[in-house]
Amino acid sequence: ADSGIMNVNLNEFETSLESSVCSKEEQDNAVWKMYMERRSLILQFLQSDLSLHLLEHHQKKVELLKKCYYYIEVLPAHIILRDQNHVMLPTGIFQIIDPWRFQRMKKMGRTQTEIQLLLLSDLLEQLQRGREELACYAETCDMVTFLSKWDSIMQRLSDLSKLMNTFLSLQVPGKLYAKHRLVSHADVRGTKLPNIRLFLSTKMPVMFDRKESVAHKNWANLKWFTENQESPFEQYELHFRLLKHGTQTEVGQSGLVAVTSNTCVVQGLLPDRSYEFTIRRAETYALVYEQWHDTITLKTKTNPVEDSSACEPE
């Protein structure tokens, strides 16, 4: 009987031992599974929302935005005014905007643009650092460390998602808020003005076509383009200057040519000299910010040495 009781107790002990071992294995498996799922979640975020390819794309976008031209856009562009005889006359909005007040708004627009571009650069750096931090957690941390830091990792991921949304929203120029009326009451007495809204708008940078821009002996043909379709009446300024003066008599070797097309021929250049050409959009009343202009250096051809023997038949 005693031996029977002992056998039963021994069997129960072995069974409970097996179940505890099984439970430990299950716990380890569950922890490993949780680790793999959470790590996969971070890796997926790094490969999609915060991928290297995406950050490189945004880096190029920020560089492009820094080269753009920024303008104040006023809506509505035209309004209807009554004259003394109550005749309705369409008038351009700039004709009734106070010039001094508009200059103040241009300064505000420039400041807002500068701040926006600085913020974009700063946010991009934060996103790049955040990506490196998350990648470090996912790729170099051991399982225990990774799981112990999970709450802070998730908070970091959430913060980076918000940063990305802010970054994307800042890529589009926003409204300008006027603290003072832009139109004097004396200018439009008796006329009800519509709500005047101000926006910042952009135009793409102008870049030389480096294959098509060539210099000859005493003239050069320059060609340029922008990334989007331009108006056929877009105005540009082509600046040129001689880089190295050989003698003091080489004066007047610089200038500006106003052009309404995307090509220009510059005449009267000296042979065997280097010239610097710069292209920019012509300045308009509404321009508030421009920091970058494309520049190209071309060397004119030398005077060919007269060689009579070259013309003689063999």
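The crossing of helices α3 and α5 is left-handed. A crossing is called left-handed if the near helix is turned anticlockwise from the far one by less than a right angle, and right-handed if clockwise. The model is predicted: local features need pLDDT of at least 70, side-chain atom pairs count only at pLDDT 80 or more, and totals for chains, interfaces and linings use all residues. Residues are numbered from 1 along each chain as its sequence is written, and side-chain values use heavy atoms, with hydrogens and water left out.

The protein chain contains 5 helices and 14 strands. Helices (H or I, at least four residues) and strands (E, at least two) are DSSP runs, numbered from the N terminus. The chain has 314 residues, of which 33% count as buried. Buried means under 20% relative accessible area, exposed means over 50%, and partly exposed lies in between (1.4 Å probe, protein chains only). Among contacts in the chain with a separation of 6 or more, 74% join residues 24 or more positions apart. A contact means heavy atoms within 4.5 Å.

Helix α3 spans residues 99–140 and helix α5 spans residues 150–170. They pack at an angle of about 155°, with their axes 10 Å apart. α3 is therefore roughly antiparallel to α5. Axes are lines fitted to C-alpha atoms, for helices over the stretch in contact, and angles run from 0 to 180 degrees between N-to-C directions. Angles under 35 degrees count as roughly parallel, over 145 as roughly antiparallel, 65 to 115 as roughly perpendicular and the rest as oblique. On the α3 side, the contact includes Gln116, Leu120, Leu127, Arg131 and Tyr137. On the α5 side, Ile153, Arg156, Met164 and Phe167 are among the partners. The residues of this contact divide into 13 nonpolar, 4 polar and 3 charged. Ala, Val, Leu, Ile, Met, Phe, Trp, Tyr, Cys and Pro count as nonpolar, Asp, Glu, Lys and Arg as charged, and the others, Gly among them, as polar.

Helix α5 also packs with α2, at an angle of about 30° and with axes 12 Å apart. This crossing too is left-handed. Leu54, Leu55, His58 and Val62 in α2 meet Met164, Phe167 and Leu168 in α5. This contact has 6 nonpolar residues, 1 polar and no charged.

The largest nonpolar core has 48 residues. Such a core is a set of buried Ala, Val, Leu, Ile, Met, Phe, Trp, Tyr and Cys residues joined through side-chain atoms within 4.5 Å. Ile42, Ile72, Leu127, Leu134, Phe146 and Phe167 have the most contacts inside it. Elements giving two or more residues to this core include α1 (2–47), β1 (69–75) and β13 (287–289). The largest share, 11 residues, comes from α3.

Leu120, in helix α3, is buried, with a relative accessible area of 1%. Leu120 touches Val62, Leu65, Phe167, Leu170 and Gln171, not counting residues up to four places away in sequence. The C-alpha atoms of Leu120 and Leu168 are separated by 8.8 Å, although the two lie 48 residues apart along the chain. Phe102 is also found in α3 and counts as buried, at 0% relative accessibility. With residues up to four places away left out, Phe102 touches Ile72, Val74, Phe94, Ile97, Leu182, Tyr285 and Ala286.

Asp272 lies in the loop between β11 (263–266) and β12 (274–281). Its phi is near 55°, a positive value in a residue other than glycine. Asp272 is partly exposed, at 34% relative accessibility.
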